[in-house]
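Dear colleague,

I am passing the structure on to you below, and my notes on what was found in it follow directly after.

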Number of protein chains: 2
Amino acid sequence: MTAPDPSAELDRALQANARHVERFVASGLSAEPARRLAVIACMDARLVVEDILDLRPGDAHIIRNAGGLATDDAIRSLVVSQHLLGTRAVLLIEHTGCGMLGFEDGPTRRQIAERQGATVDLPLLPFTDLEANVRAQAERIRGHPWIMDVPVHGLVYDVVSGRLRLVT
Amino acid sequence: MTAPDPSAELDRALQANARHVERFVASGLSAEPARRLAVIACMDARLVVEDILDLRPGDAHIIRNAGGLATDDAIRSLVVSQHLLGTRAVLLIEHTGCGMLGFEDGPTRRQIAERQGATVDLPLLPFTDLEANVRAQAERIRGHPWIMDVPVHGLVYDVVSGRLRLVT
């Protein structure tokens with residue numbers, strides 16, 4: 001099998017979408033998630049969040065970034081989700097084998113700066129202890145002054161078994 | 001039908017995950033996305049990105065936030081995606097009926113500050129012109145010094161028809 005050519009991804013996506021349109025059933029779903037749930041998860045390609053949690057279209061907001069971190073931007077999204085669109089529960093999902101576990105910020109940023117010919121103040125936010133990081137991110141969400149007093153749980157997804165484990 | 005109780009979402013998620021584990025096939029997929037594709041999309045509950053683009057587990061990084069914006073955190077995720085995990089194409093997807101289209105930042109933040117009893121410096125980043133915003137986000141990605149010279153496209157997803165439209 002030949003590796004896919006990334007420059008062909010736009011054409012492939014538009015063709016795939018044409019098939020999606022054929023089977024699409026106009027739903028009348030609104031912007032407010034039906035399950036009043038917001039999920040924060042890693043961007044990892046192996047995490048199909050809707051499958052892992054059995055979510056249907058319209059059920060939940062899904063916020064994703066490198067690591068599944070409660071960054072300022074994830075908090076911004078969560079504030080919009082809660083205050084404008086009515087969600088009242090948060091699940092945060094990080095996972096085994098995460099790409100954010102395997103490198104150091106300083107040396108990696110110096111390599112990127114050298115490769116790109118530009119220095120940028122952009123911490124990449126890697127971490128070393130998965131479970132401790134899940135706890136820290138959940139605490140950041142719970143403690144944020146603009147996050148409502150709603151259930152916030154942190155979990156680890158095992159990419160080998162497909163299993164979720166509750167951490168906090 | 002009774003509206004789902006958000007405080008029951010953890011239990012529901014763990015039960016749903018138990019069924020996911022039963023049908024899970026250990027894949028041996030690695031952290032590097034097979035299609036070398038990264039997607040930035042809105043957190044909206046109606047956008048099941050994998051379905052819209054016919055992506056399988058392991059195919060693509062999926063970065064999501066309120067609006068589908070190229071924020072610093074989305075750029076951080078994209079830098080990790082490209083420089084550490086080998087992706088070489090970007091699709092940015094915003095959509096019709098987005099919750100970010102319907103409010104003003106200042107008044108909304110004042111309401112939230114009053115409700116929560118705390119002022120926070122956290123712009124919510126709403127926008128008024130969907131297509132112009134898609135162009136601006138795509139430009140921000142293309143112009144960032146740490147983003148590689150790879151194809152970057154911006155699209156609008158129509159939540160009523162399921163159709164993607166190429167903007168840039």
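How many salt bridges does the rule find across the interface of chain B and chain A? Please keep in mind that this is a predicted model; in it, the rule finds 6 salt bridges across that interface. The side chains of A:Glu50 and B:Arg64 meet in a salt bridge, with 3.5 Å from N to O. Between chain B and chain A there are also 44 residue pairs in polar contact, counted with both residues at pLDDT 80 or more. By class, the side of chain B that touches chain A has 54 nonpolar, 19 polar and 20 charged residues, and its largest share, 11 residues, comes from H1(B).

As for the extent of the interface, 93 residues of chain B are in contact with 93 residues of chain A, and the area buried between the two chains is about 8000 Å², of which carbon and sulfur atoms give 63%. Within chain B, the residues that lose the most area to chain A are B:Met43, B:Arg76 and B:Trp146, which together account for 11% of what that side buries.

With best wishes

Key:
Residues numbered from 1 in each chain as written. Chains lettered and ligands numbered in written order. Predicted model: local features only at pLDDT ≥ 70, side-chain atom pairs only at ≥ 80, totals over all residues. Heavy atoms only, no water. Contact = heavy atoms within 4.5 Å. Buried area = accessible area lost by both parts, 1.4 Å probe. Salt bridge = Lys/Arg side-chain N within 4 Å of Asp/Glu carboxyl O. Polar contact = N/O pair within 3.5 Å; in protein donor to acceptor, adjacent residues only side chain to side chain. Helix = DSSP H or I, 4+ residues; strand = E, 2+ residues; numbered from the N terminus. Nonpolar A, V, L, I, M, F, W, Y, C, P; charged D, E, K, R; others polar.
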